[in-house]
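The sequence and the structure come before the discussion.

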Amino acid sequence: MAADPDLVLTAGAEAPAPGPARQGPSRWLGAVVPVGLVVALELAARLGWVPPNLLPPPSEVLQTLWSLAGQGLAGHVAASSLRVLAGFAAGGAAALAVGAVVGLSRRFEGLLDPTFQALRAIPSLAWVPLLLLWLGIDESPKIVLIAIGAFFPVYMGVASGFRDVDRKLVEVARMAGLSPLALVRRVLLPAALPAVLTGLRNGLSLAWMFMVAAELIAATQGLGYLLTDGRETSRADIVLAAIVLLALLGKFTDTLMQRLEHRLLAWRDTFDTR
């Protein structure tokens with residue numbers, strides 16, 4: 001029987017070439033919004049559209065940062081950074097352990113998760129008076145408050161990451177005879193890693209936010225102290241300078257976490273190819 005010419009042509013035709021890879025955005029694209037905002041604020045202040053005592057121009061904020069650099073600004077940045085590092089390490093480590101237990105065990109999920117969900121809804125400032133009563137006014141309540149802030153996003157990411165692992169992967173691993181430890185190390189942890197890393201990034205961001213509340217506890221150094229000092233002295237330029245530093249430090253640490261995430265998840269074949 002003669003071959004169908006359409007089938008012959010189809011079989012002999014080459015497969016279509018794959019489309020071009022998705023191009024990531026330019027590294028400078030993210031600077032468009034902040035640069036535009038700085039220019040707009042500078043123009044608004046220079047043209048008298050906003051009161052300079054309430055919203056000083058960015059050039060004045062830059063001058064304030066320069067003057068603060070000679071008045072111990074590095075000490076304030078170091079104090080806040082060390083508090084965030086210590087609080088994030090403590091809260092993140094506890095959340096990794098508890099979140100893994102809750103994500104892997106329905107019994108522990110039913111026992112612990114309702115309590116943690118209730119505690120998660122408590123605002124940061126509500127912890128301040130209790131921590132003052134328990135721990136005094138030294139560094140301990142500040143670090144504990146930051147740890148509380150970092151705990152819940154990491155806990156949510158870890159617990160949901162383990163809980164949402166594809167059941168078929170677990171069944172195949174058990175059929176292959178993997179031990180419980182090998183199952184966690186070779187199947188559950190890699191599958192949950194994207195959610196875990198997202199939780200760590202969110203926890204680090206929240207640690208910076210809780211740091212400001214923590215430094216309201218009788219602090220004499222730190223960016224939160226600068227915010228309070230600027231408010232009490234009616235220096236909007238100091239307040240904005242502290243806010244700018246918080247934004248830069250938060251962005252810097254988040255970029256480090258993002259690079260770690262890309263390195264650890266380089267094995268994934270996802271739509272967001274970079």
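Glu109 and Arg163 are joined through their side chains by a salt bridge, at 3.3 Å from N to O. Since Glu109 belongs to helix H5 and Arg163 to helix H7, the pair ties together parts that are 54 residues apart in sequence. The term salt bridge here requires a side-chain nitrogen of Lys or Arg within 4 Å of a carboxyl oxygen of Asp or Glu. Helices are DSSP runs (H or I, at least four residues), numbered from the N terminus.

The model is a predicted one: local features need pLDDT of at least 70, side-chain atom pairs count only at pLDDT 80 or more, and totals for chains, interfaces and linings use all residues. Residues are numbered from 1 along each chain as its sequence is written, and side-chain values use heavy atoms, with hydrogens and water left out.

**Salt bridges**

Over the whole structure, the search gives nine salt bridges.

| Pair | N to O distance |
|---|---|
| Glu109 and Arg163 | 3.3 Å |
| Arg201 and Glu261 | 3.1 Å |
| Arg231 and Glu232 | 3.8 Å |

The salt bridge between Arg201 and Glu261 ties together parts that are 60 residues apart in sequence, because Arg201 is in helix H9 and Glu261 in helix H11. Burial is judged by relative accessible area: buried is under 20%, exposed over 50%, and partly exposed in between (1.4 Å probe, protein chains only). Glu261 is buried at 11%, whereas Glu109 is partly exposed at 21% and Arg163 is partly exposed at 36%. Arg231 and Glu232 are both exposed. Salt bridges with shared partners also connect Arg83, Glu139 and Glu215 in one network.

**Aromatic rings**

Rings of Phe, Tyr and Trp (its six-membered ring) pair if their centres lie within 6.5 Å; planes under 30 degrees apart count as stacked, over 60 as edge-to-face and the rest as tilted. The count by this rule is four aromatic pairs. One of these is the tilted pair of Phe116 and Phe151, with 5.4 Å centre to centre and 50° between the planes. This pair links distant parts of the chain, 35 residues apart, with Phe116 in helix H5 (residues 106–120) and Phe151 in helix H7 (residues 139–163). Phe116 and Phe151 are both buried. Through ring pairs, Phe116, Phe151, Phe152 and Tyr155 make up a cluster.

H9 bends by about 50° at Leu193, and Pro194 follows within four residues. The bend is the angle between axes fitted to the seven residues ending at a residue and the seven starting there.

Ser234 lies in the loop between helix H10 (223–232) and helix H11 (236–264). Though not a glycine, Ser234 has a positive phi of about 55°. Ser234 is exposed, with 63% relative accessibility.

**Surface patch**

Val35, Val39, Leu43, Leu47 and Trp49 make up a nonpolar surface patch, together about 550 Å² of accessible area. Trp49, in the loop between helix H2 (32–46) and helix H3 (58–69), is exposed at 65% relative accessibility. Patches take residues with over 30% relative accessible area and no salt bridge; like charges are joined within 9 Å, nonpolar side chains (Val, Leu, Ile, Met, Phe, Trp, Tyr) within 5 Å. Accessible areas come from the Shrake-Rupley method with a 1.4 Å probe; for residues, only the protein chains shown count as cover.

Terms used:
Helix = DSSP H or I, 4+ residues; strand = E, 2+ residues; numbered from the N terminus.
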